[in-house]
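This report is meant for someone who is meeting the structure for the first time.

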Amino acid sequence: MDWPTRLRRWLTGRPTTWTARLSEAHHDEDQGWRPLATAGRDPAPADHQRQIAEATLAYQTNPLAFRIVELLTDFVLGPGLTLSSPDPAAARFLQSFWTHPLNDLPARQFSLVTELSVAGELFLSLHTNPYDRMTYLRPIPAQFIDTVETSPEDLEDERRFHQNGPEQTDRWWLASEMRHYAINRLVGMVRGQSDLAPILPWLRRYRDWLTDRVRINRYKGAFLWEVELKGADRRTILQRQTELSAPPPPGSLIVHNENEVWRAIQPAIDAPAVEADGRALRLLIAAGAGLPLHYLGEPEGANRATAAEMHLPALRRLARRQQYVGTMFADLARTALQRAGFPPQTPVTVHVGDLAAPDSERTARALSLLVPALAQATAQGWLTAAEAQAVIQQTLSR
């Protein structure tokens with residue numbers, strides 16, 4: 001081989017080796033460091049953490065925000081979901097996993113779904129006992145996770161999570177050690193968004209509006225006494241002021257001569273009726289929360305028919321959330337089963353209550369009109385008995 005050929009091969013081969021070595025050094029050097037911003041369409045980590053903090057504060061201090069989140073949790077879980085499996089051994093393990101004192105999921109499921117709604121995402125660390133292969137769940141507040149590292153080619157392939165905190169809690173969690181569930185995220189986003197995020201500004205404005213109304217109503221009825229002393233010098237005025245340091249209580253008797261004049265002065269506060277303004281703010285908050293206004297305790301202007309019509313869109317949204325929550329707990333159950341040595345394809349069934357209680361009166365009224373029509377259609381040969389039965393079953397399932 002002549003020297004130009006050897007030189008060309010050496011030149012073309014060396015950069016690849018250098019690149020590999022630089023990449024390895026860069027990887028080692030990056031341990032413990034975090035990117036300044038996330039990929040895709042996510043907000044900056046600082047903005048995301050600030051939003052979670054604001055949503056958490058609103059849930060803790062704002063009655064309307066608290067009620068919205070609690071309504072979502074109550075509708076999605078109802079009396080609480082349960083798990084089962086057609087495999088008897090898997091079913092027994094799931095029962096132990098679900099009711100284990102260190103998991104206590106019959107009670108803890110409500111706080112987990114509440115956290116999912118407030119923060120927009122849920123991070124659950126997985127800890128498996130090496131002796132009985134039981135898995136325990138420990139939630140970590142989403143506000144403490146500042147980085148979700150994904151595959152460069154696939155944002156949905158999450159590799160590890162960084163927990164930001166004091167030295168003893170500042171650590172990376174591998175995807176095998178933690179599960180991440182997120183709601184309200186668009187395509188290309190890694191982090192979730194709180195259910196309260198779109199309405200946080202309006203919750204603040206409604207709170208400020210209510211505070212102003214309370215202040216106005218308080219000072220509208222306030223008054224002070226002006227006491228005029230005719231012909232009195234400064235010494236007499238100061239002496240009388242000391243005597244009247246405590247104002248007379250309402251309904252008391254005031255006795256004075258013609259040299260003393262008492263007048264009650266009340267502030268002239270112009271406070272017209274502003275009920276429409278408050279209702280407009282509440283409507284906007286309810287629309288942003290995806291709930292009808294009568295869910296928030298305001299039936300004014302809504303009768304039974306309009307309330308039923310407004311009920312349907314909310315139920316559709318709640319059904320989607322219920323489906324996601326069911327998938328989330330099924331995934332946790334399959335992970336626990338797999339860690340205990342069960343096959344990955346072990347079936348798991350999630351049982352959750354109905355979102356809306358059936359309206360027996362409406363169903364009975366519909367059947368009283370439907371059954372004679374179906375009987376006539378079957379007699380005429382327009383429908384088979386099986387088709388008529390399917391229609392009735394469909395009506396009962398609504």
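## A buried asparagine

A residue counts as buried when its relative accessible area is under 20%, and as exposed when that area is over 50%. The model shown here is predicted, and in it Asn103 has a relative accessible area of 0%, so Asn103 is buried. Asn103 is found in the loop between α4 and α5. Setting aside residues up to four places away in sequence, Asn103 touches Phe97, Arg108, Thr135, Tyr136 and Leu137.

## The chain as a whole

The chain contains 11 helices and 10 strands. Of its 398 residues, 31% are buried. When contacts between residues at least 6 apart in sequence are considered, 67% of them join residues at least 24 apart.

Strand β2, which covers residues 121–128, pairs with β3 in the antiparallel sense over 6 bridges. Ser125 has Arg138 in β3 as its bridge partner.

In soluble globular proteins, nonpolar side chains tend to be buried together. The largest nonpolar core in this model has 59 residues, and those with the most contacts inside it are Ile68, Leu196, Leu291, Leu296, Val325 and Phe329. Helix α9 provides the largest share of this core, with 10 residues.

Which residues is Leu291 in contact with, leaving aside its neighbours within four places in sequence? They are Ile68, Leu71, Leu72, Ala286 and Leu296. Another core lies apart from the largest one and has 11 residues, among them Ile52, Ile140, Trp173 and Val190.

## Aromatic rings and nearby charges

A pair of aromatic rings is described by the distance of the centres and the angle of the planes. The structure holds 7 aromatic pairs. In one of them, the rings of Phe93 and Phe342 have centres 5.8 Å apart and planes at 45 degrees, so this pair is tilted. Distant parts of the chain are linked by this pair, since Phe93 belongs to helix α4 (residues 88–99) and Phe342 to the loop between α9 (304–339) and β10 (349–351), 249 residues apart. Both Phe93 and Phe342 are buried.

Trp225 and Trp262 form an edge-to-face pair, with 5.5 Å from centre to centre and 75 degrees between the planes. This pair also links distant parts of the chain, with Trp225 in strand β8 (residues 224–229) and Trp262 in strand β9 (residues 260–265), 37 residues apart. Trp225 has a relative accessibility of 34%, so it counts as partly exposed, whereas Trp262 has a relative accessibility of 16% and therefore counts as buried. Charged groups also sit over rings: the charged end of Arg160 is placed over the ring of Trp172, 3.8 Å from its centre, and the charged end of Arg171 over the ring of Trp173, 3.5 Å from its centre.

Key: Residues numbered from 1 in each chain as written. Predicted model: local features only at pLDDT ≥ 70, side-chain atom pairs only at ≥ 80, totals over all residues. Heavy atoms only, no water. Phe/Tyr/Trp six-rings, centres within 6.5 Å; stacked < 30°, edge-to-face > 60°. Helix = DSSP H or I, 4+ residues; strand = E, 2+ residues; numbered from the N terminus. Buried < 20%, exposed > 50% of the residue type's maximum accessible area, 1.4 Å probe, protein only. Lys NZ or Arg CZ within 6 Å of the ring centre and 35° of its normal. Pairing = 2+ DSSP bridges. Core = buried A, V, L, I, M, F, W, Y, C linked by side-chain atoms within 4.5 Å. Contact = heavy atoms within 4.5 Å.
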